[in-house]
Amino acid sequence: MSKLKVSELFYSIQGEGRYMGVPSVFLRVFGCNFTCDGFGMPRGEKSNERNVIANRVSEFKQYKDLPLVHTGCDSYASWDPRFKDLSPVLTTDSIAESICEMLPYKEWRDEHLVITGGEPLLGWQRAYPNLLDHPKMQELKEITFETNGTQKLTPEFASYLHTWKSHHNKDFWREITFSVSAKLPCSGEKWEDAICPEIVVEYEDYGTVYLKFVIATEQDFADAECAIGAYRKAGFTGHVYLMPVGGVESVYALNNRRVADLAMKNGLRYSDRLQVPLFKNEWGT
Ligand code: SF4
């Protein structure tokens, strides 16, 4: 039996991308290779919000008690080691059991599983086959990995995903999606670390892949265009979504219409962030 370090496990509506509006179980695993401290900050500056919260970490007994942030990574506690004790290590057995408990019919019907983070394609690739092959997960048909697109698939995991692709028939199928949220310079991450077209193109061998860029300013869109060019040059064929910045409603509402206009003008797809107007982006949504 494998284990995963789990920051959040909850049932909600997918608010972004291809499965927007679909009831989904979210499995948020611990760990990330980035910090994205630049989100919401003037270029070149870093958010200090999570450091302030980390100084008070002993006040918080569970993950969902943590404050939401306006700048930096909105899931900071799913990778910052100072919050690691709020993310328990769980067996794949107990995760599968808990998932079935939260489904409305206590079994998979038309719901979809989102494996997110942090960055879910770090070392946890080794545990996913064990989870996804669990008897309680047999009826699960659609799975999305929400990744930053910088991690290669291990040969073992790639070969596991390939079995689903090769068994694609009406009785035995699974649709695998990679939702790649590539980090532009507004995240504070370096271009050469964050934009990895060759890695993302390889995902296309194992599922449906789309790119999603978070846009706040004209400069972000110019950066996105440059990145899209690099992915296309490497052979990427999937769809591209633009998504407004804003983990809090006041920021999101400022630029969602503008980003939708930009998407239409450039023949790209628009992704909302339904979790913000619907649920105020609280933990567990
Ligand atoms: S890649 Fe995602 S989870 Fe990791 S720091 Fe950036 S926004 Fe947060």
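**Loops, sheet and spaces**

Colleague: Where is Gly118 found?

Modeller: Gly118 is in the loop between β4 and α3 (128-132). Helices (H or I, at least four residues) and strands (E, at least two) are DSSP runs, numbered from the N terminus. This is a predicted model, where local features need pLDDT of at least 70, side-chain atom pairs count only at pLDDT 80 or more, and totals for chains, interfaces and linings use all residues. Residues are numbered from 1 along each chain as its sequence is written, and side-chain values use heavy atoms, with hydrogens and water left out.

Colleague: Is the peptide bond from Gly117 to Gly118 cis or trans?

Modeller: It's cis, with omega near 20°. Most peptide bonds are trans, and most residues other than glycine have a negative phi. Cys36 has a positive phi of about 50°, although it is not a glycine. Cys36 sits in the loop between β2 and α1 (49-54).

Colleague: And which residues are around the ligand?

Modeller: Cys36 and Gly118 are both there, along with Cys32, Phe34, Thr35, Cys73, Ser75, Trp79, Asn148 and Lys183. A residue counts as near a molecule if one of its heavy atoms lies within 4 Å of it. That shell divides into five nonpolar, four polar and one charged. Ala, Val, Leu, Ile, Met, Phe, Trp, Tyr, Cys and Pro count as nonpolar, Asp, Glu, Lys and Arg as charged, and the others, Gly among them, as polar.

Colleague: Switching to the sheet, what is the order of its strands?

Modeller: It's an open sheet of nine strands with mixed pairing, ordered β3-β1-β2-β4-β5-β6-β7-β8-β9. The edge strands, β3 (89-91) and β9 (269-270), each pair on one side only. Two strands pair if DSSP finds at least two bridges between them.

Colleague: How many bridges join β1 to β3?

Modeller: Three, and β1 (residues 3-13) runs antiparallel to β3. Leu4 stands opposite Leu90 in β3, and Lys5 opposite Val89. β1 also pairs with β2 in the antiparallel sense, over seven bridges, and Tyr11 has Val25 in β2 as its bridge partner.

Colleague: Which strands does helix α2 lie across?

Modeller: Helix α2 (residues 92-102) lies across β1, β2 (23-29), β3 and β4 (112-116), at about 10° to β1. Helix α7 (residues 218-233) also packs on the sheet, touching β7 (208-215) and β8 (240-244), and its direction makes about 160° with that of β7. Contact means heavy atoms within 4.5 Å. Axes are lines fitted to C-alpha atoms, for helices over the stretch in contact, and angles run from 0 to 180 degrees between N-to-C directions.

Colleague: Last topic: which residues line the largest cavity?

Modeller: Phe39, Ser181, Ala182, Lys183, Leu184, Cys186 and Val214. That lining has five nonpolar, one polar and one charged residue, and the space inside is about 30 Å³. On a 1 Å grid over the protein atoms alone, a cavity is a set of points where a 1.4 Å probe fits but cannot get out, and lining residues have an atom within 4 Å of a point. Grid points are joined across faces, edges and corners, and a volume is the space filled by probe spheres set on the points.

Key
1 Å grid on protein atoms, 1.4 Å probe; cavity = no way out; pocket = protein on both sides within 12 Å on 5 of 7 lines; lining within 4 Å.
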